[in-house]
Amino acid sequence: MSATPDRKPRLTPADIRARKGAEPVVCLTAYTTPVAQLVDRHCDLVLVGDSVGMVLHGLESTLGVTMEMMILHGQAVGRGLKHACMVVDLPFGSFEESPEQAFRNAARLMAETGCQAVKLEGGRHIADTVRFLVARGIPVMAHVGLTPQSVNALGGYKVQGRGAEGEQVLADAKAVADAGAFAVVLEKLPAELGARISREIAVPTIGIGAGPDCDGQVLVIDDMLGMFTAFRPKFVKRYAELGHDADKAIEAYAAEVRTRSFPGPEHSFAAEVKKG
């Protein structure tokens with residue numbers, strides 16, 4: 001059967017890589033089917049991030065996220081996508097031990113969710129793992145700078161790459177790009193460093209708090225819609241305040257239930273159907 005004429009073809013990691021220096025890549029996270037359906041119309045990349053642990057499961061960090069959680073949410077998102085390229089995070093503890101461990105878990109993610117690529121946090125120390133996966137048919141998006149899975153080692157969610165540390169982050173980005181990553185997420189870096197890395201590596205950079213000169217941008221959907229309100233990173237722009245709106249709606253519902261003004265006649269069923 002031929003494809004629906006007005007449906008865009010599904011984007012692939014190769015398509016994203018080809019966007020280097022061209023039209024910026026639009027990326028958002030998604031964790032559920034309804035949200036995936038919403039973002040699919042507008043995004044090139046959809047990331048099923050391990051941020052799901054904090055925004056949906058109430059964890060204090062991403063360290064408690066499991067493979068089972070990533071698979072469950074990856075399956076849900078996959079059902080809602082027709083156009084965007086889907087990438088799923090490998091969670092903490094699922095790839096650091098060895099390239100072989102990373103391959104087993106990455107292959108499981110791809111097989112059980114239908115994602116087109118996986119994302120790994122880390123720089124030079126995981127370059128061999130990136131190379132191992134890519135050589136075996138698993139596209140990899142890398143992630144350098146602030147890597148939330150290393151929050152304890154980094155001493156918190158601080159800006160990375162200031163001063164002389166910038167050379168280390170640049171070396172990390174070059175290492176994973178040279179190892180075969182099709183794109184590199186740059187998180188919480190000085191804008192000047194984000195621009196420099198974007199100039200000096202051959203694959204697209206996807207910024208999150210790394211300035212306007214990256215090849216694309218990503219935000220956590222719950223942050224940009226105002227649904228996650230526990231804290232607000234400096235790099236987040238709120239495009240809506242759905243958390244506030246939801247609070248007001250729930251408050252109104254509760255008040256109407258307590259005063260018995262809901263449900264009204266228009267929400268109730270009669271004992272008999274009126275004839276004529």
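Colleague: What do the buried residues of H6 pack against?
Modeller: In this predicted model, the buried residues of H6 pack against H5, strand S4 (117-121), strand S5 (140-145) and H8.

Colleague: And which residues of H6 are buried?
Modeller: They are Ala 127, Thr 129, Val 130, Phe 132 and Leu 133.

Colleague: What comes after H6?
Modeller: Gly 137 follows H6, and its phi is positive, near 85°.

Colleague: At what angle do H5 and H6 pack, and how far apart are their axes?
Modeller: Helix H5 (residues 99-113) and helix H6 (residues 127-135) pack at about 45°, and their axes are 9 Å apart. H5 is therefore oblique to H6.

Colleague: Is the crossing of H5 and H6 left-handed or right-handed?
Modeller: The crossing of H5 and H6 is right-handed. On the H5 side, the contact is made by Pro 99, Glu 100, Ala 102, Phe 103 and Ala 106. On the H6 side, Thr 129, Phe 132 and Leu 133 make the contact.

Colleague: How many residues of each class are in the contact of H5 with H6?
Modeller: That contact has six nonpolar residues, one polar residue and one charged residue.

Colleague: Staying with H4, how does its span agree with the 1.5 Å a residue?
Modeller: H4 has 14 residues, so at 1.5 Å a residue it should span 20 Å. The end C-alpha atoms of H4 are 20 Å apart, which agrees.

Colleague: Which residues of H4 are buried, and what covers them?
Modeller: The buried residues in H4 are Met 67, Met 69, Met 70, Ile 71, His 73, Gly 74, Ala 76, Val 77 and Gly 80. What covers them includes helix H2 (33-40), strand S2 (45-48), H3, S3 and H5.

Colleague: Where is Thr 62, and is it buried or exposed?
Modeller: Thr 62 is in the loop between helix H3 (52-55) and helix H4 (67-80). Its relative accessibility is 3%, so Thr 62 counts as buried. Leaving out residues up to four places away in sequence, Thr 62 touches Asp 50, Ser 51, Met 54, Pro 148 and Gln 149.

Colleague: What about Gly 93?
Modeller: Gly 93 is found in the loop between strand S3 (85-89) and H5. Gly 93 has 43% relative accessibility and therefore counts as partly exposed. From C-alpha to C-alpha, Gly 93 and Leu 45 are 24 Å apart in space, and they are 48 residues apart in sequence.

Colleague: Now H8 and H9. How do they pack?
Modeller: Helix H8 (residues 165-178) and helix H9 (residues 191-200) pack at an angle of about 35°, with their axes 10 Å apart. The crossing of H8 and H9 is right-handed.

Colleague: Which residues make the contact of H8 and H9?
Modeller: H8 contributes Gly 166, Glu 167, Val 169, Leu 170, Ala 173 and Lys 174. H9 contributes Leu 193, Arg 196, Ile 197 and Glu 200. The residues of this contact divide into five nonpolar, one polar and four charged.

Colleague: Which residues other than glycine have a positive phi?
Modeller: Among them are Lys 188, with a phi of about 55°, and Arg 260, with a phi near 60°. Lys 188 is in the loop between strand S6 (183-187) and H9, whereas Arg 260 is in the segment after H11. Arg 260 is exposed, with a relative accessible area of 76%.

Colleague: And where is the cis peptide bond?
Modeller: A cis peptide bond joins Phe 262 and Pro 263, with omega about 0°. Pro 263 is in the segment after helix H11 (242-258).

Colleague: Finally, how many helices and strands does the chain have?
Modeller: The chain has 11 helices and eight strands. Of its 276 residues, 49% count as buried. The C-alpha trace spans about 75 × 50 × 35 Å along its principal axes.

Note on methods. Residues numbered from 1 in each chain as written. Predicted model: local features only at pLDDT ≥ 70, side-chain atom pairs only at ≥ 80, totals over all residues. Heavy atoms only, no water. Axes fitted to C-alpha atoms, helices over the stretch in contact; angles between N-to-C directions. Helix = DSSP H or I, 4+ residues; strand = E, 2+ residues; numbered from the N terminus. Parallel < 35°, antiparallel > 145°, perpendicular 65-115°, else oblique. Left-handed = near helix turned anticlockwise from the far one by under 90°. Contact = heavy atoms within 4.5 Å. Nonpolar A, V, L, I, M, F, W, Y, C, P; charged D, E, K, R; others polar. Buried < 20%, exposed > 50% of the residue type's maximum accessible area, 1.4 Å probe, protein only. Expected span 1.5 Å × (residues − 1).
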